[in-house]
Amino acid sequence: MFNALRPRVSSIIETNNSPETIMQKICDLLKSEVPHYDWVGFYFKNGDKQELNLGPYAGAPTDHTTIPFGKGICGQVAESNENFVVPDVKAQDNYIACSITVKAEIVVPLFVNGENIGQIDIDSNTPDPFTQEDERFLEFVNEEVAKIL
Ligand code: SME
């Protein structure tokens, strides 16, 4: 599945659309093609502020359009610069719930010139669905997106 999706992500990157439109198309593609991806979105650092703002996303609207660094899974990744895989969101103390249907989450940081400027965030309604294949695929997606930012 991921091997078939990689070239489709690259094709979207190569279009002449705005970064906003490109990221929206990637969110839509991932949500529709990966059965265990139920919400797909990008968060980006808000200038010099220690907070993240929601960017393009696919899935249910969320109240959490701004997340302070250190808060929730997203805020922790903003500080750790590392992937965060959560097999069971109920087992996390520092977690911001967006929907009661969500069972698991993965957040992968997005680097531009070595700087962690944002992240891709996936919520899943399936328990413990994420493997290293998801991590490698989402790292690839972020490397592709970094080219147009
Ligand atoms: N669950 C995230 C908040 C963002 S929503 O999943 C869209 C977190 O704990 O950071």
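Lys147 counts as exposed, at 59% relative accessibility; exposed means over 50%, buried under 20% and partly exposed in between, with a 1.4 Å probe and protein chains only. The model is a predicted one, where local features need pLDDT of at least 70 and side-chain atom pairs count only at pLDDT 80 or more, while totals for chains, interfaces and linings use all residues. Residues are numbered from 1 along each chain as its sequence is written, and side-chain values use heavy atoms, with hydrogens and water left out.

Lys147 meets Glu144 in a salt bridge, 2.6 Å from N to O. By salt bridge I mean a side-chain nitrogen of Lys or Arg within 4 Å of a carboxyl oxygen of Asp or Glu. Glu144 is buried, with a relative accessible area of 8%.

How many salt bridges does the structure hold? There are four. Arg8 and Glu33 form one of them, at 3.8 Å. Arg8 lies in helix 1 and Glu33 in helix 2, so this pair ties together parts that are 25 residues apart in sequence. Helices here are DSSP runs of H or I with at least four residues, strands are runs of E with at least two, and both are numbered from the N terminus. Arg8 is partly exposed at 40%, and Glu33 is too, at 34%.

Now helix 2 itself. Its buried residues are Ile22, Met23, Ile26, Cys27, Leu29 and Leu30.
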